[in-house]
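Good morning, colleagues. I would like to take a few minutes to present one structure, starting with a single residue and then turning to the chain as a whole.

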Amino acid sequence: MSQSYFPRWRRVSGSEPGAVVQPDECLATPQNIAMGAQHVVAMFGSTILAPLLMGFDPNLAILMSGIGTLIFFVFVGGRVPSYLGSSFAFIGGVIAVTGYAGSGPNPNIGVALGAIIICGLVYTLIGALVWVFNARTHGGAARLINQWMPPVVTGSIVAVIGLNLAPIAAKGAMGAGTFDSLMALMTVLCVGGIAVYTRGVAQRLLILVGLLLACVLYWLFTNVMGYGTPINFAPVAQAAWLGLPTFSTPVFQAHAMTVIVPVAIILVAENLGHIKAVSAMTGQDLDGYLGRAFVGDGVATMLSGSVGGTGVTTYAENIGVMAATRIYSTLVFAFAAVIAIFLGFSPKFGAVIQSIPGPVLGGMSIVVFGLIAIAGARIWVVNQVDFSDNRNLLVAAVTLILGAGNFSLQFGVIRLDGIGCATFGAILLHALLRGSGRNKG
């Protein structure tokens, strides 16, 4: 590692065909701004969808994503290119502890915020331990995490998040009747059409473009043709261009903590996977920054939860942008963070987001939660998990059923719901069944 905390970014043009811009290199300021805006667009669809599904203020989520990215940037010394956005791993726990009905602001948001803060604290402590252990063992923490959380475990945990949320997605999609259900299915088809029949930028932004297309079609059916509940644009017209988002006060309850705190394990797995992906793309060994990345993500989550925002995590969408552009400069993410902060202070921008129809959100829930479940399966495929090994077979099978069935355990005031039980169950079951030999079925 360099002796200086931050790298001395070297200016490159990046204009040559196939040119790679490394994390410690930078572009001209106009190019940095343009690339930063592209990263904001890439994270935009998911970062606003997650708070809407939990009843959080999307303006605040965008604002805290920018602030969180800057916090992460400082902790990793500007050496790991990543953007922090709203984490979908919190959705199931937040809905469980708040009883959110799926429409409008969440009236019990404070209970979730307190638990998100404690989750961020646990995540930060894990990161601090990894940071210290890494310094003493020259990257041994990454090997230890991989040993306890191999691909069969992390894939099962990620898949469980989507499966646990399936009933919520179905309920939201059905809405108030047949028309709402059809509009939700129309939204699914819009996203599917963008994913299959487009190329380039539109395909990479399939969530955002599909959402916009579905809203336009919904407007035609309701506001123009008179079916269903029309979109109300009055709040958009009345909203100010600049102003503060809606802040909320956290409330600390033991039950909520036991449901949401296990998400820290999922965030560890996500962040680890993303850093491994960036390392592979840049050709640089970033394992030494693993603990610092965990701490930066954890501190950002605590700060976000303390003011009313969602928990945050490193975003695969932005890793996809880096893979497509081959521009890995960490300075680009500082520009992206500043752009997101400006958007967070626009109530008109928030009003536009709040005008998204419920059936469209229901359809997007089906797509997003399904993609989360499949992302877990993708981890198995990419890492060639051997399901002829009975240990892997049992770990995956038991974890999926625990999570999908929302299996719960109560120990006094401590309660673990489906995702928590599945997370710890996967780790413990793999450890108990771990042996020196292979057990073929």
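A residue counts as buried here when its relative accessible area is under 20%, and as exposed when that value is over 50%. Please keep that cut-off in mind, and note also that this is a predicted model.

Let us begin with Thr 313. Is Thr 313 buried or exposed? Its relative accessible area is 3%, so Thr 313 is buried. In terms of secondary structure, Thr 313 belongs to strand β4, which covers residues 312-314. Which residues are in contact with Thr 313, leaving aside its neighbours within four places in sequence? They are Tyr 83, Leu 84, Gly 85 and Ser 87, together with Leu 267, Glu 270 and Asp 297.

I now turn to the whole chain. Of its 441 residues, 53% are buried. The secondary structure consists of 20 helices and six strands. The radius of gyration is 21 Å, close to the 22 Å that the globule rule gives for 441 residues, so the chain is as compact as a globular protein of that length. Along the principal axes, the C-alpha atoms fill a box of roughly 65 × 55 × 45 Å.

As for contacts with a separation of 6 or more, 79% are between residues 24 or more positions apart.

Finally, the surface and the charges. The accessible surface of the chain is about 18,700 Å², and carbon and sulfur atoms contribute 68% of it. There are 19 positive and 13 negative side chains, and the centres of these two sets are 4 Å apart.

Thank you for your attention.

Definitions and conventions. Residues numbered from 1 in each chain as written. Predicted model: local features only at pLDDT ≥ 70, side-chain atom pairs only at ≥ 80, totals over all residues. Heavy atoms only, no water. Helix = DSSP H or I, 4+ residues; strand = E, 2+ residues; numbered from the N terminus. Rg over C-alpha atoms; globule rule 2.2 N^0.38 Å. Buried < 20%, exposed > 50% of the residue type's maximum accessible area, 1.4 Å probe, protein only. Contact = heavy atoms within 4.5 Å. Areas by Shrake-Rupley, 256 points an atom, 1.4 Å probe, with all protein chains shown as cover. Lys, Arg positive; Asp, Glu negative; His and termini not counted. Charge placed at Lys NZ, Arg CZ, Asp CG, Glu CD.
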